Amino acid sequence: MQMDDDETPSDLWAAFTWSRYENPFQVDNEKRERSYCNKYRLKPDDPRVLRRFRGKRVFEREATAYRFDVRAHTYRPASIDRVDIGPFHCTFAALPPGCDRFIVGIDQAQRRDRFTFVGWTWNHLVKRNLWQFAEAGTDPGGDPQESEWLSICATLRTRYPDGSMEFIRDAGGSSAPVNDALAFSHGITISSAIKTPGSLKAGVQRLADLLAVGVAKVIEGSQLADDLTTAKWSLKAREAGKWELDKSARSPDYCDAAKLPGSCVPSWWCRAPASA
């Protein structure tokens with residue numbers, strides 16, 4: 001497409017929206033809107049109603065990105081060990097019976113964020129649930145030495161020696177190689193997360209789906225549970241047609257670590273668990 005020297009792409013394209021009320025093929029819209037409000041106990045100015053019937057790009061402030069429900073999506077391990085290892089505050093849980101596969105997401109800190117680990121486990125034969133078994137994180141702005149965060153990897157492998165364990169890392173844009181000493185001492189290989197346009201939204205939705213269908217279970221009272229409760233999409237970004245998490249109050253760093261294994265897990269994760 002040819003553009004004049006004084007033109008920009010925004011001069012050549014425009015976006016338009018319209019509502020049900022402006023669609024000549026939609027009839028009885030007021031009646032439908034009242035019925036919808038009555039059915040779901042909503043007010044006419046609720047963002048869900050305004051989007052559905054008025055075509056407005058507005059979003060709920062209380063809506064969380066992961067649709068996390070503390071009662072439905074958490075579990076209480078048989079025992080929990082909470083310890084500090086260097087700058088990391090760690091939680092290690094007793095494993096549910098039969099769990100023999102492990103995958104750990106690592107989200108490196110950016111500026112004022114927290115450097116976090118979140119681990120998931122499952123039974124490779126039953127494939128019923130995905131359980132959070134561990135987490136570790138620094139205080140905000142934590143910038144641990146490489147040896148300090150690698151020691152968390154070694155501790156996880158030592159505490160949970162039975163079964164395979166994978167590590168997926170988001171290096172925050174860094175291409176620096178990881179010290180390979182762990183491969184020799186503990187058989188640990190740390191892979192880099194594959195990030196593509198739209199991968200943030202896809203990763204959030206994948207974890208949200210695992211929670212919704214009852215596959216993923218989060219440790220009750222964990223930092224991950226707290227982050228899942230408060231993580232929200234940025235309203236400004238959504239109004240601009242973008243998907244970005246709201247980090248104005250606090251970055252959901254434990255969520256970022258928890259969703260990293262999503263691109264590397266088996267397909268059964270996205271199916272509801274079989275009946276007992």
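I count a residue as buried under 20% relative accessible area, exposed over 50%, and partly exposed in between, with a 1.4 Å probe and protein chains only. The model is predicted, so I take local features at pLDDT of at least 70 and side-chain atom pairs at pLDDT 80 or more, while totals for chains, interfaces and linings use all residues. Residues are numbered from 1 along each chain as its sequence is written, and side-chain values use heavy atoms, with hydrogens and water left out.

**Whole chain**

I started with burial. Of the 276 residues in the protein chain, 41% are buried. I then looked up the surface, using Shrake-Rupley areas with a 1.4 Å probe, where for residues only the protein chains shown count as cover. The protein chain exposes about 16,100 Å², and carbon and sulfur atoms supply 49% of that area.

Secondary structure came next. I read it as DSSP runs numbered from the N terminus: helices are H or I of at least four residues, strands are E of at least two. The protein chain has 10 helices and nine strands.

For contacts I used heavy atoms within 4.5 Å. Among contacts in the protein chain with a separation of 6 or more, 66% join residues 24 or more positions apart.

**Helix α3**

I checked which residues of α3 (residues 47-54) are buried, and found V49, L50 and F53. They sit on the same side of α3, because their arc around the axis is only 100 degrees. The arc is taken from the directions from the helix axis to the C-beta atoms. The buried residues of α3 pack against α2 (29-40).

I looked at both ends. At the start of α3, a side-chain oxygen of D46 comes within 2.8 Å of the backbone nitrogen of R48. Just after α3, G55 has a positive phi of about 70 degrees.

**N123**

What does the side chain of N123 reach in the backbone of G98? I applied the polar contact rule: N or O atoms within 3.5 Å, one able to donate a hydrogen and the other to accept it within protein, with residues adjacent in sequence counted only if both atoms are side-chain atoms. A polar atom of the N123 side chain lies 2.5 Å from the backbone oxygen of G98. A polar atom of that side chain also lies 2.8 Å from the backbone nitrogen of L125.

N123 belongs to the loop between β5 (116-122) and β6 (130-137). N123 is buried, at 17% relative accessible area. Neighbours within four places in sequence aside, N123 contacts G98, C99 and D100.

**Cysteines**

C99 is buried at 11% relative accessible area. C153 is buried too, at 0%. I searched the whole structure for disulfides (cysteine sulfur atoms within 2.5 Å) and found zero.

**Aromatic pairs**

I paired rings of Phe, Tyr and Trp (its six-membered ring) with centres within 6.5 Å; planes under 30 degrees apart are stacked, over 60 edge-to-face, the rest tilted. The structure holds 11 aromatic pairs. Y36 and Y40 form a tilted one, at 4.9 Å between centres and 55 degrees between planes. They are about one helical turn apart, because they lie four residues apart in α2. Y36 is buried at 17% relative accessible area, whereas Y40 is partly exposed at 45%.

I then checked Y75 and W131. Their planes stand at 70 degrees, so the pair is edge-to-face, with centres 4.8 Å apart. This pair links distant parts of the chain: Y75 is in β1 (residues 74-75) and W131 in β6, 56 residues apart. Y75 is buried at 12% relative accessible area.

My last entry is a cluster. F88, F115, F117 and W149 form one aromatic cluster.
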